[in-house]
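Visitor: I would like to learn how to read some features of a model. Please take them one at a time.

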Amino acid sequence: MQQTKSGGGATMQRSESMQLKERKVRDLMVDKRRLVEVPYTASLAHTMNTLVANKVVAVPVAAPPGQWIGAGGSMIVESDKQTGAVRKHYIGMVTMLDIVAHIAGDDHMNGGDEDVTKDLDQRMSVSVSSIIGHSFEGLSLWTLNPNTSLLDCMEVFSKGVHRAMVPVDSQIENVSAGVELVESASSYQMLTQMDVLRFLKEHAAELQSIVACSVQDLGADTEKIYAITERTRLVDAIKCLKSAMLNAVPIVLASDISEDDHKQLINGRCRKLVGTFSATDSRGCYLATLKSWLGISALSFTEEIAASPLYTADTQNLGTTSNRELVTCYAESPLSEVIDKAVTKHVHRVWVVDHEGLLVGIVSLTDVIRVIRRSLLSDSDDQ
């Protein structure tokens, strides 16, 4: 009897996973708001304030048609729904990482606090179009058709693409697997890795056998983990993000044995984890606030941000965590726990620690999406 019941449960679960694989991108776009964007003439200061005000970490940049080549050769335009006349051309994506990377240019931030503030004002006055393509994510601008399958969507995001624009009324009927570089629509919405993970969390019952596997099975235990110490200044932490093109780094305690270079990235493996510094932390402050905090440590910055009215309101609305609360898991933790923490705490990575709080690995949204997609494909092959 037990074998019959077990077999029936497995059959039902396979049926449910099949239903999940039949879902489309449009199923993930329910309740998504209209696109937040900035014009190509906007200053970086204006762009940063737009990101903060709308609680987003990336915006597409719009320009008049026929004057620019889109990032990666893309031709993604907004057109009039009735006449088809092109109104604007999206020429690239700018993220908070692009802005902090620009702030951390190689030829500045070496003087005193007054020089740093003056230089920052000058750098933030340039147009947003001048920094498009300075990071990996800004090199290309992608769209996903609403009729693209969930599996094909997951394939895109499992390769490190963090977000893609989705046309509300696409004029392209033939849907190919993956992202597109050419699109015309009267309006767009944005789909992100977090949206995909949130959708998968809502359908966790259809993924029971997949999400039951442990973090260790994902290969999240790594030999080298780029990190900074609790003594690293905010200015130098920003430079570290730029040099390695990372969106975030863990903050670990400095070693008592070796002399750490607090201005450079170090291997944080088996160090005590005390915090996280992310490019998206800046969403909790406007430019004027950032300038006043440049001389403090990155760890102190995350603590200040956690108390910021903007960040506090953001975390309360989303039900997320403050930056001071570490989002971690163990090697033996199930994938379901990682998914739940990533979504409910609204973080893009979960640090893997041992039972003494020492850092041993990292699980990113890219990792989770890749593993789930692979398992869904494996289920299809088994059937």
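Visitor: Is His 346 buried, partly exposed or exposed, and what is the relative accessible area behind that?

Guide: Buried means under 20% relative accessible area, exposed over 50%, and partly exposed in between, with a 1.4 Å probe and protein chains only. His 346 has a relative accessible area of 25%, so this residue is partly exposed. The model is predicted: local features need pLDDT of at least 70, side-chain atom pairs count only at pLDDT 80 or more, and totals for chains, interfaces and linings use all residues. Residues are numbered from 1 along each chain as its sequence is written, and side-chain values use heavy atoms, with hydrogens and water left out.

Visitor: What is the phi of His 346, and where is the residue found?

Guide: Most residues other than glycine have a negative phi. His 346 is not a glycine, yet its phi is positive, about 55 degrees. His 346 is found in the loop between α12 and β13 (349-353); helices (H or I, at least four residues) and strands (E, at least two) are DSSP runs, numbered from the N terminus. Cys 270 also has a positive phi, about 65 degrees, and is found in the loop between β10 (266-267) and β11 (273-278). With a relative accessible area of 44%, Cys 270 is partly exposed.

Visitor: Which residues does Asp 340 touch, leaving out those up to four places away in sequence?

Guide: Contact means heavy atoms within 4.5 Å. On that basis Asp 340 touches Lys 201 and Lys 345. Asp 340 lies in helix α12 (residues 335-344) and counts as partly exposed at 34% relative accessibility. C-alpha to C-alpha, Asp 340 is 9.2 Å from Leu 197, although the two are 143 residues apart in sequence.

Visitor: Which residues of helix α10 are buried, and how are they placed around the axis?

Guide: An α-helix has 3.6 residues a turn, so residues three or four places apart point the same way. In α10 (residues 298-306) the buried residues are Ala 298, Leu 299, Phe 301, Thr 302, Ile 305 and Ala 306. They cover an arc of only 160 degrees around the axis, and are therefore on the same side of α10. The arc is that of the directions from the helix axis to the C-beta atoms.

Visitor: How many helices and strands does the chain have, and what percentage of its residues count as buried?

Guide: The chain has 13 helices and 14 strands. Of its 383 residues, 51% count as buried.
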